[in-house]
Each structure stands twice: as C-alpha cells, then as structure tokens.
Amino acid sequence: MTDFIKVENLVFDYIKSEDESTFRAIDDVSFTVEKGSFTAIIGQNGSGKSTLAKNINGLLVPTAGKIYVDGLDSADPENIWEVRQRVAMVFQNPDNQIVSSVVEDDVAFGPENLGVDPKEIRKRVDEALKSVEMYEFRRKAPHLLSGGQKQRIAIAGAVAMEPECIVFDEPTAMLDPRGRREVMNVIHRLNEKGITALLITHFMEEAAQADKVIVLDQGEVKMIGTPLEIFRRAEELKALSLGVPPAVDLADRLRQRGIEVPQDLLEVEDIVRYLCQLK
Amino acid sequence: MIRDITLGQFYPGNSWIHRLDPRVKIMVTLLYIVSIFVVKDFIGFALAALGLAVVIAISRVPLKFILRGLKPIFILIAFTFIINMFMIKGEVLVSFWIFSISREGLRMAVFMAIRLILLIIGSSLLTLTTKPISLTDGMEALLSPFKRFGLPAHDLAMMMTIALRFIPTLLEETDKIMKAQMARGADFESGNILRRAKALIPILVPLFISAFRIAQDLAMAMEARCYGSNSKKTRMNGMKICSRDIAACLIFAAFLAMIILERILL
Amino acid sequence: MSIEVKGLTHIYSEGLPDESLALEDISFRAEDGQLVGLIGHTGSGKSTLVQHLNGLLKPKKGHIIVGDVDITAENVVMRDIRRKIGLVFQYPEYQLFEETVAKDVAFGPSNLGLTAEEVDERVREAIELVGLDYDKVKNLSPFDLSGGQKRRAAIAGVIAMKPEVLILDEPTAGLNPKAHADILSMVEKIHESEKNIIFLVSHNMDDIARMSDKVLVMDHGKMMMDGTPEEVFSRGDELKKMGLALPASMEIAAQLRENGFAVGGTCLTMEETADGIAEVLKR
C-alpha cells in the first residue's frame, strides 16, 4: 500500500493575539496514513488532535515540519485547493457546518466552489446523498433534521467533492447513541468504497474499529499501532485519561481474577465466543 | 411563540410559482409593490388582491401559514391605521375631546392598512416560494451589472444565504438560553423598561458568544469546502429563462396594464 | 421530601396543524435522597418532562407535587419552584455571561432574594462543591476557564440555589473519558453532601446502571418503565425495540446467557459481570 498522507516532524504553535505568546499544540509529530486505510486518532481534550486535523488539509499552516498529501506539500499556497479537494473534512458540530437552508444545495456547495460542471454536480449530489442514505431528504431544511441526519448531510457534502480522504473531527461527540451508530456505519461504508478515513474520536469502541490507532497526548504521539496493540496497554491509556473498549475492560478484570484471556479480543462478540468455549 | 415567525421562511413545494426563475420573481415582486402604491381606489385594491390570491392559490402555500406571518406585524399595521385615521383632516365623521376622525382619514387609514398587508403578503410570497439559495442567486444575478462599480455581489449573496440559514438555529439557541436563565430565576416579564433591558444581558451575552462560535466554525467549514478558491464558481441549478418564465412575465404585464388602466380610466 | 408526578399531559402547538402529544399521562414518584436515571432516545419527551418539573412549561393536565406543594397550581410563585427544583441544561457552559465566576454563580441565588451575605456564602460553597478552587477562580472571567471547568462553574450556578431536586440533563455530553468520569464523581459528591433528589438524564447506560437507585424509561412521550436498574435492564428486548441499549456489562452477560453460559448476579457494572463469570468458570 502507498502512503497517502505523510506527516513529518510536524510542529504547530498557536499565537495568542494579546501578548504574542505562543502555545505549542503539536510537538514533533510524525506518522503516515496509507491509501484506503481507516485510522483513528485518540487523545483527551487539548491533546492537539483537532489542531492536527486542521493542519492536514491546510486550514492551519505548520509552524515547522511538513505534511504531504498525495505528494503535495500542504503548506504550499499553490496546492491549497488541490489539497482541500483531496482531503475533505467533517467537523464536530453538525449545525455549524451546513451552509444552506436546503439539504441538496448544501451538498452542492463544495463542487460549486470547485467550478464543477452543473450537470456533473447534480450527479455527484444525488450519489453523495444516496451513499449516506439521505437522498429522500434532499429538499428538506437541515434545521428540521436530527443530529445524526445533519451529520450525514455534512458527510455527503464532503463526499460530493470526490475526495480521496475524509478527516472526521469528532463527528459523533454531540450525537445520541442512535446518531452515533448512523454516522459510524456511513464512515465504514465509505471506507469500504476506498475512501481513506481519518477519525478523531474520544470513544474507544469507535477507535477499536479502525485499522490503526494513533494516541496523542499534549501534542505528542504516545502510541501508534493496531487497535490490538494499543488496547492491550490499558494501564498506559488510563494514565493518559483515556479508557478501553468494554471487551478489553472485562478481559482485564478477568485476568485479575486469575482467568486467562487472550489479548486479541476487542469486540464484545469475540470475548463472548471465547468464554463460551472455555466453559 | 418563536416558532410562529414565518416572515422570510421558505415553504417547500414544487408548484408552478416555486419553479419560476428567481430573477423573474424578484422583479415581479418589486413591480407589484410599486403597483400597490399606484393604486388609489377600492377597485384597484380589489384587482391587486385578486392577483395575489390567484398567485397564492397556484403556489399551494396554505393561507393559514401566510396569515400566521402577519401576526408579528399586526401592531405595525394597527399603528399605521390609527395614525392615518386621526392625522388626516377633512370632513369630520366622529369627534371626541381633541381627536376627530374624518372621512378622508378613515379612507386613507384603510388604504394604508390594505397596502401594508398586500405588501407583506406579496413579499413573503417571494420568500415562501423561492429557496433561499435561489433567492440569493437571483439577487446576485440582478446585482451583477453593478459589479463593475465595485459591488461585491457574490459575497453579499453568500452573506444573505448564511443569514437565512442560521435564523432558525439562532432562534433555537435564544430559546435554550432564555429557558436556562429562567431556570436560574431570571425574570424577563416584570419591572420597568430599564429593569427589563438589564434582564436581557444574561441572554444577550451568551447569544453573542454563541454567534461568534458558530461564525468561527462555519468559516472553517466553508474554507475546508474550498470557499474562496480561484476557480470560477458554478451552480448546480443554473438559472435559465424558459417558456414558463416568459408566460409569467406576460401575465404580470397584463396585470400591470390593468392596474394602470384602472388608475387612468376610473 | 419527595416529588410526585401525577397524570402529566402536554400537547405541543395545540390547535395548529403540527399539533402533537408531547407527554401522555406521565406518573411517577421519587423519594428523598434518590438518584433517578431518566433514559429515552432524542425526542422521547425527556426534555419536555424535565422542563415541566422546573415550571418552564405548563402541563395541559396533571400535577407535580414537591414535598406538599403542588407546583402546577394556579397561584404558585415561580421563585418558589426555582428554590425547590434546579435544572442544569445540556452544555450549561453556554449560559455563562458574567464578568467573574463568582458573579455568575451568584446570579441564581440573588434572584431568589437572599441577602448579600447569604449569596456570598452559597457561592463559595457551590464553587467548592463542584471541585473548583474558590479563591483561585472567583475573580476569573468564566470565559478564561477550560472546557471542563466552565461546565463545573455553570453547574455551581444552579447548585448555589440549593434546590431540593436537582435535574442534570446530559451533564457529560461531549466530554472525553476522564472529564466524563470526573463530572460523574462530582455529581455523586453533590448528592452525598446535599442529600437532594437528583435526576440524571443520560444516553450512557453504563452510568445510569451504576449510579441510579431508580430508572425511568420514556418513549414517544410515554413512561414505559419505572423500576430499579436491575428490573429495567432485565427487559433488554423491550429497550432495544425503543432504540436503547443495555449497559456494556449487562450486554455481555446477556449474550453469554444466550449462549448457555449462565452468568449470575445483576451485572450492573463490569466488576459484577467479571465476578459472575469467574464464579461460573471456577465451579
């Protein structure tokens, strides 16, 4: 597999407008994201995960270090629109990213800005709405939809730009469990269709569904690995104010009771199956 | 209460009126407003009202919905009515103390009230039957000849789209903040004007902060979706004048001719 | 102290085309010192219910009796309702408005018409109860606090009114795991020190199962279940039909039992489930 995003020694400082003092949000971060993969980034509030996301598609410009998107330097103003087209973004608050009062017009916003041919936009909008299962809502007003539905509209807006990668910046944080399930299903489906997914989240069970997990703390990468490799380090995660998925939590407690449980059980179904054959 | 405001809202539909080109609708609405100020007698108003009624019928927007939008403006209408009724001098019909109502005053008051009602219904019909985004597209197109004088037509249109989009969001936000402060014992209903104005601070401060937060998020989201890129923007639903629009123009021209003839001849 | 709701019914937009029954004949009772979990998916009528409890909405029918006062009665004074029942909305940090934290927290108690000394005393108490350092934060602008601290300050603003019934609508919404756990232990601390009735509205079944003495389940404006966490969460199939989940610990137990692995105990927490499993395996 080829690397689609390459982050090399990224540093990002916020500058306070009052006294020009700086605050380092990202400190020497390096990692790669493979084309077509599903990567999760976890970390507590203020760990720098949102800042990292905004650096990737050029909404923020790195203080030092480089980010390459499909070989393009994201800091080069020449590349900025190209980069944003290839790496679309979905934000946390479903209300604050929908521009238009009609669903389909909102989805068309990105391609319109890119100057896509009107007939082609129509086609893309319909396809994007179908891919998030919101086609029948295309003429509705967004403010009448549920949080999960609004978030799916925002995802359709990203999909209509035909990006190769979508960065999801805590897309489920403000949703109820039903909305969260809807959004996670959509993310999985898009990933299966070949879109590279980068999911920033603080729900461990969501991170457990990714191919690769990056743990961020105070602007630094603390761990990188498969969910199996990450979640077996429960103690370290707790020290970073993070948790583990329920199955891992149970496995841990069983081990404390002297019951041997393998390390590779991440989902509830896995541990249930294992325990049943123990009996 | 907040949910009753229909002014400036869009009523989704697919009627003949809904499908007209927004440029045509904007021009027609403007001319219609001029025409109700041309009219000077009851027959003229009857004609203007009839025209409006036909449009409402074709648009299939429920009358109840349209009338609900008049409610918040009722005070304005009543105020105009009373001012006109008492201020215009002429043949006195009734008088008491220092006030008197004249025939001319009453006539004028009724006319002004009808004018206002027609004006409000007429213009709200434009927003009710035109998607906000088409409306702004139409405005942008009509304003674009002024671009050469430095008028940022596209940005103005975008600002309007966003304003329309966020009216319901901010209303909801206001409702939430109000309730939250009421739960903390805030009282918006008693006391004199000064006290009441002061009581608004706990609502206004969080509301402004909210608006700024929304603005920040939205600006970021728009940039992420390539707003401001150099490529020439396109529109999914490009505007094209078709036979239906020409028909609408002709029908409206006939209506205008009738209004003008009525004014001259009767 | 107790709170009793009898036959509460509410209709939205009565007489208009979009009229809908928001609450239908809701009745329940909560006793002194109970922590009541209220669950139901978005739109089930939870928020409409809690707004009634606080007097923000008036019911079409029914009564809410706090202690021996009917707060739905005609002649009831709003200030008395607020004194008895405190409501913390979702994302309460969005209601902060004063120049300093102390002033903001004082807003509620001053509206109750207390003396300046009483207000100051309550402000200090409330700020410390939510786990902030009074001397450090009192003169800070609430907008300079961190996200989690802002939420605590906002909750202090309601606690300072010393309500006998405290309603918390999704107090952990949008927080990461650590902040989430911190806010919940703060809730437990408040409950312990104030000995009030707490209503906890949440989507997180793990928290509800672990913390509640009693659980209320709403769906389509109706009260569907009312019982102990054991009773309510033993009806997993019905909950799932309403789009609700089981706590993770009970979901695992349920799946094990389905596969013939007879886990004992209530399994309200992961610890209990682990105990139950260990017991079976060691037999």
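## Where chain A meets chain C

The contact draws on 27 residues of chain A and 28 residues of chain C. Contact here means heavy atoms within 4.5 Å. The model is a predicted one: local features need pLDDT of at least 70, side-chain atom pairs count only at pLDDT 80 or more, and totals for chains, interfaces and linings use all residues. Residues are numbered from 1 along each chain as its sequence is written, chains are lettered from A and ligands numbered from 1 in the order in which they are written, and side-chain values use heavy atoms, with hydrogens and water left out.

Start with the interface. The size of an interface is often given as the accessible area lost when the parts come together. Between chain A and chain C, about 2500 Å² is buried. That figure is the accessible area (1.4 Å probe) that two parts lose on being put together, summed over both. Carbon and sulfur atoms give 64% of the area.

Now look for charges. The rule finds three salt bridges across the interface of chain A and chain C. Such a bridge needs a side-chain nitrogen of Lys or Arg within 4 Å of a carboxyl oxygen of Asp or Glu. Glu271(C) forms one with Arg257(A), and their closest N and O atoms are 2.8 Å apart.

Which helices of chain A each supply at least two residues of the side that touches chain C? They are H6 (177-192), H10 (246-256) and H11 (268-278). Helices (H or I, at least four residues) and strands (E, at least two) are DSSP runs, numbered from the N terminus. H11(A) gives the largest share of this side, six residues.

Next, go inside. The largest nonpolar core has 76 residues. A nonpolar core is a set of buried Ala, Val, Leu, Ile, Met, Phe, Trp, Tyr and Cys residues joined through side-chain atoms within 4.5 Å. Ile127(C), Val217(C) and Phe233(C) have the most contacts inside this core. Its largest share, six residues, comes from helix H7 (residues 177-194) of chain C. A second, separate core of 52 residues includes Ile98(A), Val103(A), Leu237(A) and Val244(A).

Finally, find Leu175(C). The loop between strand S7 (165-169) and H7 of chain C holds Leu175(C). Is Leu175(C) buried or exposed? Leu175(C) is buried, with a relative accessible area of 10%. Buried means under 20% relative accessible area, exposed over 50%, partly exposed in between (1.4 Å probe, protein chains only). Leaving aside neighbours within four places in sequence, Leu175(C) is in contact with His202(A), Arg151(C), His180(C) and Ile183(C).
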